[in-house]
Amino acid sequence: NKNMNNKIIEFPAQEAGAKQTIASEAELAKAVGNESVSTYSYQGKEKDNDKIIPFPGKKRPQISYIETCAGLGATSLALKEVGEKLGIDFTCVAYSEIDKVAIKAYKEIHGPTLVNIGDVTKVDWSKYPCDLLSFTFPCQNISIANRKAKGFEEGKDSSSSIVWSLRDVLSKMKQKPKFIFMENVAAILNKKHKPTLDKLIAFLQSEGYHVDYKKLDAADYGVPQHRERVYILCTLGFDPCFAYPEPIPLETKLCDVLEKNPSQQFNLTPKAKAGFISRGMRDNKPYPIRVHNPSKCDKAFTISTRSGSRNYDNFIFDKDLNDDKFIKVSQKGLAKAGVDLKKIEDMNIRKLTPDECMVLMGLKKEEREKLKDFTPSQVYKLTGNSIVVPVLEKVFYEYFKTLKDNGKLDGMDMAS
């Protein structure tokens, strides 16, 4: 009514132009005794934010999901954040993991009651309906870090070929998932592996899915790590017409997340350091390490499953040797940096700590705390195999926001 003194607005109040938001979505839902009611269905008085007038509106979309090859559960972490922001209830009905350490980590982070269905190739998929299937298959036989990578062709004896069990999954499920998410290394787009990816996409299209994919670098989305991964989203029955998130400036740099007084246990042993230096300084086919200057570095190189064990891993000096972000320890690299080899030999060089690796994968403090009793090697493997949570969160946000805005989630209840 135009004659009303108090204009009715939508909540959250902040988004509607009011000065403050004084109730969370959960609080508003509780006020009407219906925790499935979405925020955007509440109204209140703009000039009297102390008095909220909630009323039931549209039901929150309910989306069930299964997380396969789950690792520490990056998909669940991202969906939790997206659900809170968009007013969508994402419910994990099961996860699939066979690695004992990963299972333990998943339980520590997400709780012990979730069902682990184990090996994806041995599951009776008729018993596990879901709306969203997260199928993040192993990268070991696709990654350029593996010189003996077998690829992921169908029928091949390769861990990465497990993705083709999707044939069995989709044929056994009583109802196909409305959405499928996959992620893998950037090498999946190179000339060796792209033909297999094309076959996988053709199969998914034959099953009725529209397939979108894009290579994204974590450093373009607020995380100080150069980590390129391909994010694949499959939508059953229609083109979602969504756009992948746009890059943002990198405000938090690697130097901001490095520990100030890390334990000396993460220093390279004299033998290991001498070996790395020797390989980098040789005349024939040098293979140098790159060592970060601790207060100058902006982003980490891609973290691996065995931090500090391979030449392409991240290494950090005790203190800056020059103004460069990092120094390549080779004859040419040291000449370019203006640094004498003796300085390198006399300087402590360390690898990333487990906590630094968790930060670089986007784990929050409370999540990192839950893994405090895991050994460094266990954390390195967990993080090296995981997905950068903030990047995945941004991808899911854009995807599900587009679906919600276009009414594609209206009336959506969990698959059963």
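Reader: In which strand does Arg229 lie?

Author: Arg229 lies in strand E9, which covers residues 228-236; helices (H or I, at least four residues) and strands (E, at least two) are DSSP runs, numbered from the N terminus. Residues are numbered from 1 along each chain as its sequence is written, and side-chain values use heavy atoms, with hydrogens and water left out. The model is predicted, so local features need pLDDT of at least 70 and side-chain atom pairs count only at pLDDT 80 or more, while totals for chains, interfaces and linings use all residues.

Reader: How many helices and strands are there in the chain?

Author: The chain has 13 helices and 13 strands.

Reader: With which residues is Arg229 in contact, leaving aside its neighbours within four places in sequence?

Author: Contact means heavy atoms within 4.5 Å, and with those neighbours left aside Arg229 is in contact with Glu183, Asn184, Val185, Ala186, Lys214, Lys215, Leu216 and Thr302. For the chain, residues 24 or more positions apart account for 72% of the contacts with a separation of 6 or more.

Reader: What order do the strands have in the open sheet of six strands?

Author: Two strands pair if DSSP finds at least two bridges between them, and here the order is E5-E4-E6-E7-E9-E8, with mixed pairing. The edge strands are E5 (89-95) and E8 (209-217), each of which pairs on one side only. On average, with direction ignored, neighbouring strands of this sheet are turned by 20° against each other; such angles rest on axes, lines fitted to C-alpha atoms (for helices over the stretch in contact), and run from 0 to 180 degrees between N-to-C directions.

Reader: How many bridges join E8 to E9?

Author: Nine bridges join E8 to E9, and the two strands run antiparallel, with Leu216 standing opposite Arg229 in E9. Helix H13 packs on this sheet, where it touches E4, E5, E6, E7, E8 and E9, and its direction makes about 25° with that of E9.

Reader: Which strands pair with E6 in the parallel sense?

Author: Strand E4 (residues 62-68) pairs with E6 in the parallel sense over four bridges, with Ile66 opposite Leu133 in E6. Strand E7 (residues 179-185) pairs with E6, also in the parallel sense, over three bridges, and there Ser134 stands opposite Phe181 in E7. From strand E6 (residues 132-135), Leu132 and Ser134 point one way and Leu133 and Phe135 the other way, and all are buried.

Reader: At what angle do the axes of helix H2 and helix H13 cross?

Author: The axes of H2 (residues 74-86) and H13 (residues 389-405) come within 9 Å and cross at roughly 45°. Angles under 35 degrees count as roughly parallel, over 145 as roughly antiparallel, 65 to 115 as roughly perpendicular and the rest as oblique, which is why H2 is oblique to H13. Residues that make the contact include Leu77, Glu81 and Lys85 of H2 and Leu392, Phe396 and Phe400 of H13.

Reader: How do the residues of the contact of H2 with H13 divide into nonpolar, polar and charged?

Author: They divide into 11 nonpolar, one polar and five charged, where Ala, Val, Leu, Ile, Met, Phe, Trp, Tyr, Cys and Pro count as nonpolar, Asp, Glu, Lys and Arg as charged, and the others, Gly among them, as polar. H2 also lies across E4, E5, E6 and E7, running at about 160° to E4.

Reader: Which residues of helix H12 are buried?

Author: An α-helix has 3.6 residues a turn, so residues three or four places apart point the same way. In H12 (residues 376-384) the buried residues are Val379, Tyr380, Leu382, Thr383 and Gly384, and they pack against helix H3 (100-110), E13 and helix H10 (354-360).

Note on methods:
Buried < 20%, exposed > 50% of the residue type's maximum accessible area, 1.4 Å probe, protein only.
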